[in-house]
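Here is a walk through how the chains of this assembly meet. Have the sequence and the model open as you read.

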Amino acid sequence: MVSEEIWALIQIFLFPGFFFLFFLAFFTEWVDRKIVAKFQNRYGPLHVGPKGVLQPIADFIKLLSKEDITPRMADKVPFNLMPVLLLSLAITPLFCIPIVGSNALVSFEGDLIVIMFIMSLIAVLVFIGGWASTNRFSTIGSIRAGLQLFAYEIPMNLAMIGPAIAAGSLSISKIVDWQIHGFWNLFIQPVGFAVLTISLMAHLQRVPFDIPEAESEIVSGWIVEFSGKKLALIRLAKDFEFVLASALIVSLFLGGPYGPWYISPIIYLAKFFICVFILSNLRAAFARYRIDHLLAGAWKYLTPLALLQIFLIKVLGV
Amino acid sequence: MRRSEIRKQLRIRARNIIVQRDRRFFVNIEKKDLKRAIRRLMQMKNYTHLSTITALDVGSMIEVIYHVAFTDALVSVKVQTSKDEPIIPSIVDLIPGVALYEREIHDLFGVEFEGNPDLSPLLLPDGWPEGVYPLRKWWSVDRVLSKLGGKR
Amino acid sequence: MAMEDDMFRNLKEKPVTIQFPYEHVEPVEGVRAKVSWDIDKCIGCRLCVTICPGNAIQLVGRGRQAEIKYNVGRCILCGECVDVCPTKAIYATKEFEIVFNNRRGMITHFRRKKRKRTS
Amino acid sequence: MTFEIPFGPQHPALEEPINFMFEIEEERVVNVKPRLGYVHRGIEKIAENRNYQQLVYLSERICGICSFAHALCYSQVVEELLDLKIPERAKFIRTIVAEMERIQNHYLWLGLTAKEMGFETLFMYAWRDRETIIEMLDMISGKRVNYGMSTIGGVRRDIPEPMIKRMEESLNHLEARAEYYTKVCTKDPSILKRTVGIGILRPREARALCAVGPTARASGIPRDVRADEPYAAYGEIPFKVVTYRGCDVASRMYVRIDEIKESIKIIRYALKNMPEGPIRVKAPMRVPEGEAISRVEAPRGENLHFLKSNGTDKPERWKIRAPTLANLLSLCRMLMGVNLADIPVVIAGIDPCIACAERIALIDAKTKKLKVWEGKDLWRYANEWYRKRYGL
């Protein structure tokens with residue numbers, strides 16, 4: 001009995017738990033920066049650690065040591081609370097994602113719904129954070145973040161529901177399990193995959209859709225007043241969101257991990273970094289769209305396509 | 001473009017038109033004729049745009065030169081106004097694109113352009129003293145330096 | 001999306017960035033950089049002082065006893081003084097990475113060595 | 001609800017300080033007021049205390065990017081007063097360097113505009129390719145910017161035979177890249193979304209507001225000093241004036257990319273037909289009394305220098321009109337009704353160079369101080385300021 005508890009603690013704090021996830025978040029940021037740099041014919045991070053692998057950690061520590069400024073006009077409580085909440089909300093869903101075998105640390109019927117809920121909550125939190133800092137640029141940024149939520153959320157959730165309908169379960173672990181015994185959802189729902197990838201880019205606020213924090217237009221938007229420790233936490237939370245996005249794609253569409261316990265994490269990570277590569281490639285290949293382009297595109301194309309995908313699954317019964 | 005064409009168009013005496021070289025004409029006119037002259041030049045064929053307005057400090061007078069560009073020439077219309085009462089009719093209503101040039105000259109030479117709706121400072125900092133115009137000859141670098149107690 | 005082909009080609013190629021403090025680019029032939037004096041050839045004609053656009057050169061003293069005071073901080077590296085010098089006392093170097101910690105370090109004095117008096 | 005948004009003097013989308021006060025209504029601009037004056041250097045006043053030779057270098061420093069255009073314009077205006085006949089070969093070298101500067105500037109512009117659109121990859125690529133042309137300029141003149149090539153009476157350095165061979169290789173590379181960018185900018189959906197139909201300037205408005213350079217040419221007005229009033233060797237070189245009728249940012253982009261190709265053709269022709277001979281004639285220090293005007297087509301548009309001399313070795317008045325000042329009102333017109341997100345792209349569209357546009361004011365009269373501060377002074381000042389502010 002005791003050894004089982006220790007095993008559970010190890011799982012929560014070390015291997016697929018906190019330690020591993022922190023490491024994965026920093027490493028993913030490094031991979032992302034390196035790939036984009038390579039696409040753009042530059043080096044990317046280079047000097048901290050071998051090939052600059054420790055650069056994200058160094059950035060994080062540096063930001064922690066910086067002066068933390070709260071603007072006089074800001075709404076203090078939400079402004080100070082927002083980064084912490086954002087980070088905790090960004091980590092939580094990762095525990096529902098199976099990494100070793102097809103069983104996640106926290107797995108129950110309906111955890112997909114919880115993840116959807118938390119992802120919307122993150123966007124609302126971004127809105128609150130930008131609004132609370134009462135800067136003109138951050139106000140515009142947070143308004144844009146709110147508008148963006150209306151654009152991408154429905155197609156994203158519809159695309160996430162597709163695999164659940166196919167598997168007949170709302171638990172991510174069961175969806176992964178179903179894919180291991182049948183086909184990957186990528187092959188039976190390619191449209192859903194595309195819609196999910198695009199919506200996740202919008203959720204992550206990465207380059208074609210980095211509208212709420214557009215650097216050249218509104219000076220990094222809703223983040224503009226955050227500094228020091230708060231900025232460090234926000235940056236880390238964004239890394240976790242990125243991990244979550246890739247992990248969701250892997251779990252819902254690429255079959256997740258499979259095989260015995262010692263080989264499944266490796267397979268999982270391989271798929272994970274393929275997703276990271278795709279997302280990084282998309283980041284390098286586009287100019288920024290405008291908010292009205294995104295809204296029009298999401299409602300004209302993404303939502304109907306996601307609905308069509310669900311319709312196809314129901315009719316064909318695959 | 002030839003001297004006679006300009007003379008005919010502007011209806012002024014030939015000695016007021018100086019042909020410096022091929023494509024370069026300087027036209028001396030009175031202040032009251034300025035608007036009419038610019039309007040008539042604009043009606044000539046090959047007119048492209050008004051390049052810029054230059055102001056000069058020539059002793060007791062301020063000379064304002066309008067460089068009117070044609071595809072085959074550059075006609076510079078010269079107007080003089082006294083330093084005590086530097087008022088010149090504005091041509092913003094004819095060519096809206098000169099608004100900034102007029103504001104620049106207003107800042108640096110203190111020439112009032114009658115009819116320009118907005119002559120607020122364009123280049124000089126806020127709180128610049130009234131009646132100090134940095135490009136007039138009175139305002140020499142040595143004078144400023146001696147006032148500020150610096151040295152060359 | 002129109003640039004995908006170029007982006008994937010660049011994945012294989014080496015980055016073009018030059019990591020400056022560790023890698024250096026050789027200055028081209030005839031680069032315009034800091035100048036220096038061969039003070040013994042100087043005849044004190046003041047031509048370089050007159051022509052210098054940034055007033056970087058000063059002549060202290062008179063005639064053949066004069067010394068040159070050259071301020072790199074004001075020098076705009078145009079090389080006019082090299083062209084104008086009648087005795088080729090001024091020559092161009094290839095030193096273009098010019099950094100100083102304080103203002104005094106920017107000023108170089110070119111003095112003649114004191115000759116031993118022959119009796 | 002209208003609210004005012006300050007844009008600049010410090011803003012990541014602007015390379016140089018200028019202030020625009022926007023009145024925004026539902027993310028659309030309803031009014032805009034520009035305010036200059038943040039980078040005044042007093043060049044026109046300094047000029048009254050420098051001799052003509054020194055002013056060549058001052059004119060180069062009016063603008064870092066179109067430095068040769070200003071130096072060329074200034075040299076021409078002094079040559080006209082001196083009545084100097086400059087050698088044919090010098091004219092051709094001037095043309096070559098001017099066109100190389102145009103290529104360099106247009107690549108820079110392409111990269112900056114891509115950055116304003118959030119397209120980092122195109123920004124990196126354009127600036128990487130710009131390196132090729134900068135290396136060529138470095139090879140010819142010995143400097144990467146502020147080339148110091150033009151001088152009164154000719155040019156300072158020759159282009160020898162072995163250099164021409166290397167230049168041709170680089171030109172081929174640049175031409176291939178220009179073709180590639182044409183493809184990218186006409187095909188890429190996200191670029192088209194951000195540029196087509198944005199920042200409209202109708203030809204009638206462009207005429208009335210005296211727009212110059214690529215801004216005017218993108219509105220379908222063939223206004224080009226090189227063709228209207230050939231200077232240097234442009235009279236002997238065939239080239240066509242690129243115009244587009246789109247009146248929007250996309251047309252400004254295509255005009256500039258096509259001008260790169262046209263400039264490459266001009267350089268090739270000039271290199272092939274360059275006559276032999278001297279490159280410089282000697283110019284006297286004193287300039288006779290008189291007035292002269294010179295116009296040059298800088299990469300950003302028409303550049304006008306007016307010089308009045310009084311018979312000494314220092315000018316009486318030197319007036320500079322850089323292209324950005326001429327285009328500023330057109331920019332304000334373009335910005336009307338534009339979406340907030342498109343403001344940086346539209347501003348980048350005219351290729352603004354604020355330092356060129358303002359050169360005049362002198363010393364801030366309020367501070368009454370003329371003192372150079374070193375690092376430790378600044379450190380002390382900052383500490384004192386904080387101490388006073390927070391009562392430490």
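Which residues make a nonpolar surface patch of about 960 Å²?

## The greasy patch on chain A

This is a predicted model, so keep that in mind throughout. The patch in question is built from Ile6(A), Trp7(A), Leu9(A), Ile10(A), Ile12(A), Phe13(A), Leu14(A), Phe15(A), Phe18(A) and Phe19(A).

Two helices of chain A, α1 (2-13) and α2 (18-39), each give at least two residues to the nonpolar patch. Helix α1(A) has the largest share, with six residues. If you want a place to start looking, Ile6(A) sits in helix α1 of chain A.

## Who touches whom

Four pairs of chains touch, and the pair with the most contacts is chains B and D. Some pairs don't meet. Chain A and chain B have no contact, and their closest C-alpha atoms are 24 Å apart. Chain B and chain C don't touch either, with 11 Å between their nearest C-alpha atoms.

## Chain B against chain D

Let's take the B and D pair in more detail. Chain B puts 54 residues into the contact and chain D puts in 45 residues. Together, chain B and chain D bury about 4,300 Å², and 58% of that is on carbon and sulfur atoms.

Four salt bridges cross the interface of chain B and chain D, and 14 residue pairs are in polar contact across it, counting pairs with both residues at pLDDT 80 or more. On the chain B side, at least two residues each come from β1 (17-21), β2 (24-28), β3 (47-58), β4 (61-70), β5 (74-82), α3 (99-109) and α4 (141-148). Strand β3(B) supplies the largest share, eleven residues. Sorted by class, the side of chain B that touches chain D has 32 nonpolar, eleven polar and eleven charged residues.

## One bridge up close

Over all chains, the structure holds 53 salt bridges. One that crosses between chains runs from Glu104(B), in helix α3 of chain B, to Lys319(D), in strand β8 (residues 315-321) of chain D. For the Glu104(B) and Lys319(D) salt bridge, the closest N and O atoms are 3.5 Å apart.

## Chain A against chain D

Chain D also meets chain A. That contact draws on 25 residues from chain A and 31 residues from chain D. Chain A and chain D bury about 2,400 Å² between them, with 55% of it on carbon and sulfur atoms.

How many salt bridges are found across the interface of chain A and chain D? There is one. The side chains of Arg290(A) and Asp342(D) meet in a salt bridge, at 2.4 Å from N to O. Between chain A and chain D, the count of residue pairs in polar contact is eight, with both residues at pLDDT 80 or more. Helices α6 (136-167), α10 (215-218) and α13 (291-316) of chain A each supply at least two residues of the side that touches chain D. By class, that side of chain A has twelve nonpolar, four polar and nine charged residues.

Notes: Residues numbered from 1 in each chain as written. Chains lettered and ligands numbered in written order. Predicted model: local features only at pLDDT ≥ 70, side-chain atom pairs only at ≥ 80, totals over all residues. Heavy atoms only, no water. Contact = heavy atoms within 4.5 Å. Buried area = accessible area lost by both parts, 1.4 Å probe. Polar contact = N/O pair within 3.5 Å; in protein donor to acceptor, adjacent residues only side chain to side chain. Helix = DSSP H or I, 4+ residues; strand = E, 2+ residues; numbered from the N terminus. Nonpolar A, V, L, I, M, F, W, Y, C, P; charged D, E, K, R; others polar. Patch = residues over 30% accessible without salt bridge, like charges linked within 9 Å, V, L, I, M, F, W, Y side chains within 5 Å. Areas by Shrake-Rupley, 256 points an atom, 1.4 Å probe, with all protein chains shown as cover.
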